[in-house]
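Colleague: I would like a close look at one part of this model, namely a contact between charged side chains. Please start there and then go on to related contacts.

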Amino acid sequence: MPTDAETELVFRTFEREVLDKHYTTLAIWRRDRSTAVYAALAQFDCFAILSLCGPPALSGIGTTQILKNLEEGLAEALRWLHNGNPQIDLTPTDDPKIIGEAGEFCGFAGKYVDIADFHKMYGRGQVEIEVDEPSRTVRFLTPKGRLLAASLIGMAEQSHRLGKLPVVADPSSRAELGKKIFTLLSETNFRYESGHIVLADASIANREMIKELFDQAMPEEPLPLDEEEDLIGFTAGEFEKFFAALRRWSFCCTFGFLLSITKWGKQQWECAPTQCIARTEFLESMQSLTALPRTTVEAIVQRLTYDCKAKWPDVYQQPLFCGANTVTWSASVIQNSKQLRNMLKLMSRTKSLQDHAANLIGSREGRMLWELGHMLSRRGKTEYKLTTSISCGDDKGEVDLVAYNRKLPDELLIVEGKAGLGVDEINEVDAATTEMQGGQEQLANVRGILARMSDGEKAAIFKFVNWSLVKRVYGVVVSADAEPNDRYDHSEYPGISLQTIRARLRDNHFGSPQKFWRACKERNWMNKLRAYTERYSPISVGEVTYELPVLVEPADDADERHRKDMERMMREFEDSTTPRERSTKPRKRRRR
């Protein structure tokens, strides 16, 4: 329902005068920027335990929502505190008051992002508003007939995929590996400097046991690039090698953080895993860990340095804060990063790299289609053909994938592929939805051309199809790693990501075009999410209260389940330390 002019005016006044200015009233805003930025990173890293305890709890989406809010809050807070220019050396602090102020600042930033997202959804007609000026209250309403759950589909899919990781699917392997790693890392020498952990020797990050953990614990990047692929200044393989070493280094520091607070009685602000290393030492350590040439290491560091070269800075795309003398980063940001996707996003937002990034992203479409075709063939005994031009008179089109099973001769599957990157932000979800809607139009065009072509013309191009028997043609739009929002109509040409196909579809779906299409259309795996109830969560910003619709699990057991899973993870950690407890006590006294 359209909003009247007076309501719109009050709504925008609240946005301009209160929401967009509130962060400047918070205490950390008045701190020195080098200290404030470090404190923001450190307070985020104090939640590293949530990152490690998250996977066992991912039977639902609660933990993923928590982490996503923390991550988005950090990214927005850093944009407020530092626009990337000029480069500065950060100043570590162990002052709990400053760390607390940074936590308050980032906490508000997370709420701000939530409210801002609903402003964007309102601008697109996805939600409506009610404004009560006397009580200074704004309520966002989900239009009748629309599901708020649609906005969480991608998040739910991420949770499901994480649950398939070896380290999550097999708790016994996690516990056994944890004991081995504890034995290794409990003997690691590290010290505390200004509230953060410093490894005496970063080479421990190259121990085979640490590498084994990450083989089990880290999800594979969807559609990785060939190692030799040029990222301008370094290859994809060199970048992956660099980032893997930095992730293992960060993990060792995070383990030291956990050990410090659970065994040695340290407070979080005394032992943050946030790293602040002398620049020369960092470059030398990374060169040693990766065996890459110094020039390559420096090129990667320069690309990952938080600056203003892109349209806007993002700590997940540029996680290194590099000054003249030091390099600082959040251990949790590095560990939770999807580095290749973030690198391609960074390149696509950097003017000098945009064209090359577009080519790299587009090149993934062929790999995506080949993988889908391979699954159809291997799991469904279906024949397929990729990327084929067709025409009828003046009408021309290109069909990305045609699949046919001779045992079901009356059914045909056509696929339009979209190789866009995975999405995090509401703008990205909307852009991916628009792109996939374009894929629907392309499928309709291809389907129309095929209908007008003679069986002989089609047989000359697709020799494995018995066109005289084909009665039904099913079309599906497949993206690399993005799920569309509720603007997308799945009724005729459903849309789905390759990652969801991997995780959700069964062998019987791949053998029948109709079953494959119906599974993508009905998305029965989302029934649990659709069963969530909607309620309103109030967020106070200054003297204005924003009421946001949120989803609550049936029986409202998310918090209790998360609490139990956290307790279980901590028990496993405690059990893994038991064999070494006696031998570590003297070290505990010396460290104090």
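With which residue does Glu 17 form a salt bridge, and how far apart are the closest N and O atoms?

Modeller: This is a predicted model. Glu 17 forms a salt bridge with Lys 21, and the closest N and O atoms are 3.2 Å apart. Glu 17 has a relative accessible area of 41%. That value lies between the limits of 20% and 50%, so the residue counts as partly exposed. Lys 21 is partly exposed as well, at 42% relative accessibility.

The count for the structure comes to 28 salt bridges. One of them joins Arg 124 and Asp 430, with 2.9 Å between the closest N and O atoms. Arg 124 lies in the loop between helix 5 and strand 1, and Asp 430 lies in helix 16, so this pair ties together parts that are 306 residues apart in sequence. Arg 124 is partly exposed, with a relative accessibility of 31%, whereas Asp 430 is buried, at 11%.

Another salt bridge is formed by Lys 309 and Asp 307, at 3.0 Å from N to O. Here Lys 309 is exposed, at 54% relative accessibility, while Asp 307 is buried, at 4%. Salt bridges can also be linked: Glu 8, Arg 12 and Glu 15 belong to a network.

Charged side chains also meet rings. Arg 33 lies over the face of Trp 29, at 4.2 Å from the ring centre. Lys 385 is placed over the face of Phe 462, at 5.6 Å from the ring centre. Trp 29 is also part of a cluster in which ring pairs link Tyr 23, Trp 29, Trp 80, Phe 105, Phe 108 and Tyr 112.

In one of them, the ring centres of Phe 190 and Trp 264 are 5.9 Å apart and the planes meet at 35°, so the pair is tilted.

Phe 251 and Phe 255 form another tilted pair, with 6.4 Å from centre to centre and 50° between the planes. Both lie in helix 10, four residues apart, which is about one turn of the helix. Phe 251 is buried at 8% relative accessibility, and Phe 255 is buried at 7%.

Key. Residues numbered from 1 in each chain as written. Predicted model: local features only at pLDDT ≥ 70, side-chain atom pairs only at ≥ 80, totals over all residues. Heavy atoms only, no water. Phe/Tyr/Trp six-rings, centres within 6.5 Å; stacked < 30°, edge-to-face > 60°. Helix = DSSP H or I, 4+ residues; strand = E, 2+ residues; numbered from the N terminus. Buried < 20%, exposed > 50% of the residue type's maximum accessible area, 1.4 Å probe, protein only. Lys NZ or Arg CZ within 6 Å of the ring centre and 35° of its normal. Salt bridge = Lys/Arg side-chain N within 4 Å of Asp/Glu carboxyl O.
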